[in-house]
Amino acid sequence: MSTVDLARIQFATTSLYHFLFVPLTLGLAPLVAVMQTLWRRTGDDDWLRLTRFFGTLLLINFAIGVATGLVQEFQFGMSWSVYSNYVGGVFGAPLAIEGLAAFMLEATFLGLWIFGWGQLSPRLHLATIWIAALATWLSAYMILVANSWMQHPVGYTVVDGKAELTSVWALLSNEFAVIAWIHVILAGLIFGSMAMFGIACWHMLRGRNVGLFRRAAKLALIVAVPATLVQLSVGNRFGEAVTSAQGMKIAASEAQWNTCQPCGFSLFQIGGFSAQDPTPRFAITIPRLLSWMATGSFDGKVDGLNQLQHQERRSFGRGNYEPDVRLMYWSMRVMAMLGVAMFLIAAIGAWLYRRRTLEKTRWFLWIGVVAIAFPYIAATAGWILTEMGRQPWIVQGLLKTSAAVSTGLGTSTIAASLAVFLALYTVLGIVDFVLMRRYARLDPPPAGELPGVAPPVADMPQPSVPTGGG
């Protein structure tokens, strides 16, 4: 295995592992903020118990996520110094904003929220969790601005072999980044709501704190139903943006070898994943759906892999510009099919809730528990599709992955560092799973046993109002 291969495995390992923590923070932070707001507005202690319960899960996930992010940054500098040098003039601004503003806001206000119970005024303490939640979304946008530049470079010029930024506005308003951010924020809300719903289902299966977790399930479903539905639409719009910027990625994700118009979407197929075997032996296809997903028109044209390969060779010289077709095809289907499955679970859950039979429908409660894993699998498949579909480019059309790896690195050096990363991630993964599972199974303590809790506004003594006449 070459140095480039090992560096790519290392990049994929660190990125995929870190990304598993990010969406849950993006979704759980605003949900916790909503629950605390409901407590402050109603004075209902059930919302306080849920705020502290799910807030602790948020903090565990955030802490482990930060540790995995640090490891990811380290491997960038070690294994991808040529790449870092090439994009440094472009990535400097968004990554500086992310690190110095968004992440600092996020970490600082989460800290204030943790230690501010009973120390800050109720309104100020509530503001801390909202600011932290908004900061997580700002942080995600800045990261996606950088990543989207790799997918669709804009606002730059190349000077002496390095990319330099010519328009900050073009970079920040990159359509690819805006759509990707909406896609990821919705994914985060799905992560948070499906986790909350699954944990509530597990407690209802136990028959303890049913009334409390029925409220959590209601809030989770209020978020999950529209988020999963809108995500299906946004995912389709994202597909159109990818088609215009990275036609090879779309063609590979459909195993579409030749240009078609109109084009059907393959739900499932056997064979047809290589240039030597381009025709599936069996396929279930929905007519015209691929045209609509890729172009927004049921009569749209989608370029095939063979034609795109010819175009790329004419533009960039000899070489193989096709990503792994089999991996792209199945990543796309796993992501899309789990997206549909999560919408159906949320919709059925909402229907059972309205019929007041949710807590009595044990088979569905078990599905809710199992569905906690669905966003993780779907996000992993989506990330593989996004990053592997760009290959052989690390920056689309500008810098190939094979040319971006650090010079002077030996195979043994990267292999050793990869082994260290895998060992570290294994430990972090075990710690995270044990802590999250252990805390999620606990009974939330009564409100009176929670430390450092100031009374909500509704319970606070009201100032006396002069009646006049004095």
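This is a predicted model: local features need pLDDT of at least 70, side-chain atom pairs count only at pLDDT 80 or more; totals for chains, interfaces and linings use all residues.
Where is Pro262 found? Let me start there. Pro262 sits in the loop between helix 9 (247-253) and strand 3 (265-270).

While we're on the backbone, let me show you two residues with a positive phi. Asp160 has phi near 50°, a positive value, and it isn't a glycine. You'll find Asp160 in the loop between strand 1 (156-159) and strand 2 (162-165). Is Asp160 buried or exposed? With a relative accessibility of 76%, it counts as exposed, because the cut-off for that is over 50%.

Then there's Asn209, again not a glycine, with a positive phi near 55°. Asn209 belongs to the loop between helix 7 (175-206) and helix 8. Its relative accessibility is 24%, so it counts as partly exposed.

That brings us to helix 8, and I'd like to stay with it for a bit. Helix 8 packs against helix 12 (residues 325-354), with the axes 8 Å apart and an angle of about 140°. So helix 8 is oblique to helix 12. The cut-off for roughly antiparallel is over 145 degrees, which is why this one gets called oblique. As for handedness, the crossing of helix 8 and helix 12 is left-handed.

Which residues make the contact? From helix 8 we have Arg214, Lys218, Leu221, Ala224, Val225, Thr228, Leu229 and Leu232. On the helix 12 side, the list includes Gly339, Val340, Met342, Phe343, Ala346 and Tyr353.

Leu229 is one of the contact residues in helix 8, and yet it is partly exposed, with a relative accessible area of 47%. If you want a sense of distance, the C-alpha atoms of Leu229 and Trp117 are separated by 36 Å, and the two residues are 112 apart along the chain.

Now, aromatics. How many aromatic pairs does the structure hold? The count is 27.

Phe53 and Phe213 pair up edge-to-face, 5.5 Å centre to centre, with 80° between the planes. This pair links distant parts of the chain: Phe53 is in helix 3 (residues 45-79), Phe213 is in helix 8 (residues 210-245), and they are 160 residues apart. Both Phe53 and Phe213 are buried.

There's also a cluster, where ring pairs link Phe268, Phe273, Phe282, Tyr329 and Trp330.

Last stop, charges over rings. The charged end of Arg52 sits over the ring of Trp117, 4.3 Å from its centre. That's the Trp117 I mentioned with Leu229. And the charged end of Lys400 sits over the ring of Trp393, at 5.6 Å from the ring centre.

That's the tour. Happy to go back to any of these on the screen.

Methods. Residues are numbered from 1 along each chain as its sequence is written. Side-chain values use heavy atoms; hydrogens and water are left out. Rings of Phe, Tyr and Trp (its six-membered ring) pair if their centres lie within 6.5 Å; planes under 30 degrees apart count as stacked, over 60 as edge-to-face and the rest as tilted. Helices (H or I, at least four residues) and strands (E, at least two) are DSSP runs, numbered from the N terminus. Buried means under 20% relative accessible area, exposed over 50%, partly exposed in between (1.4 Å probe, protein chains only). A charge sits over a ring if NZ of Lys or CZ of Arg is within 6 Å of the ring centre and within 35 degrees of the ring normal. Axes are lines fitted to C-alpha atoms, for helices over the stretch in contact, and angles run from 0 to 180 degrees between N-to-C directions. Angles under 35 degrees count as roughly parallel, over 145 as roughly antiparallel, 65 to 115 as roughly perpendicular and the rest as oblique. A crossing is left-handed if the near helix is turned anticlockwise from the far one by less than a right angle, and right-handed if clockwise. Contact means heavy atoms within 4.5 Å.
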